[in-house]
Amino acid sequence: DDQKSGEEVGTTHNYAGETDKTISLNLTVPVNYVLADNDSLPQSYTFKAENNAPIIVHLKHATKAESTSKSVVRDIIFKKPTGTVSRKQIVTVNGTKTIDKVTGDQVGSTNWQDAYFEGMDVPNVKGYVPSVSKIERANAKDVTTPLTVTVSYTAGNQTVAVKFVDDQKSGEEVASQTKTGKTGQTIELSSPNDKYELVSPSSYTFKAENNAPIIVHLKHATKA
């Protein structure tokens with residue numbers, strides 16, 4: 001056995017004969033073995049006058065292919081503003097491994113076939129921007145540990161029109177502005193100039209959508 005430092009395999013065969021006589025050996029390779037590379041199985045032997053050294057046949061372990069499979073997991077975590085939602089993908093990957101027929105051990109690496117985690121669209125959340133727009137399709141054949149893909153959402157940009165009206169002049173519009181911010185952000189409102197004092201509202205929180213114009217009520221400022 002060339003893979004076990006030349007350890008003898010099977011039964012030693014003893015042959016007897018006369019000088020210069022050729023005999024048939026009728027040798028067979030032991031079960032679970034094959035001939036070593038560049039070696040052959042002698043079919044006959046001719047006896048010498050002396051020094052008939054043992055015939056050495058070099059062997060190596062036979063192998064066999066076995067089917068195998070593994071299940072691999074990809075967790076998709078959506079960290080939405082309203083709470084975390086997760087989806088689990090499980091893919092079965094089939095493969096073939098080589099087994100040493102003498103030791104029963106696996107030889108080399110498993111040859112895994114292609115198998116894929118399916119892609120998916122990222123759920124839309126009004127007023128927020130996801131960190132990725134799509135979960136990509138991915139090959140699972142080389143995956144050895146569970147995968148996790150996390151999608152986070154950040155507040156999107158918002159704008160709102162602000163109209164300032166004079167409550168002492170029947171709601172006459174005296175100024176206008178455009179305010180910018182992020183979904184869920186609260187901004188402070190103030191008088192557009194020193195001629196007026198703010199009545200209400202004093203603040204505004206941006207909605208995820210449909211930020212209708214804000215009517216800000218003012219009254220005339222006074223001085224001593």
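**View 1. Glu197 and Lys219 pair up in a salt bridge, with N and O 3.9 Å apart.** A salt bridge here is a side-chain nitrogen of Lys or Arg within 4 Å of a carboxyl oxygen of Asp or Glu. The pair joins distant parts of the chain: Glu197 is in strand S17 (residues 196–200) and Lys219 in strand S19, 22 residues apart. Strands are DSSP runs of E, at least two residues, numbered from the N terminus. Glu197 is partly exposed at 33% relative accessible area, and Lys219 is partly exposed at 38%. (Buried is under 20%, exposed over 50%, partly exposed in between; 1.4 Å probe, protein chains only.)

This is a predicted model, where local features need pLDDT of at least 70 and side-chain atom pairs count only at pLDDT 80 or more, while totals for chains, interfaces and linings use all residues. Residues are numbered from 1 along each chain as its sequence is written, and side-chain values use heavy atoms, leaving out hydrogens and water.

**View 2. Lys60 bridges to Asp37, with the closest N and O atoms 2.7 Å apart.** Lys60 sits in strand S4 (residues 59–61) and Asp37 in the loop between strands S2 (33–35) and S3 (44–46), so the pair ties together parts 23 residues apart in sequence. Asp37 is exposed, at 57%.

**View 3. Asp166, in strand S14 (residues 157–166), is buried and has no salt bridge.** The nearest side chain of opposite charge, Lys169, is 5.0 Å away; Lys and Arg count as positive, Asp and Glu as negative, and His and the chain ends are not counted. The Asp166 side chain does reach the backbone nitrogen of Gln168, at 2.8 Å.

How values were computed: Helix = DSSP H or I, 4+ residues; strand = E, 2+ residues; numbered from the N terminus. Polar contact = N/O pair within 3.5 Å; in protein donor to acceptor, adjacent residues only side chain to side chain.
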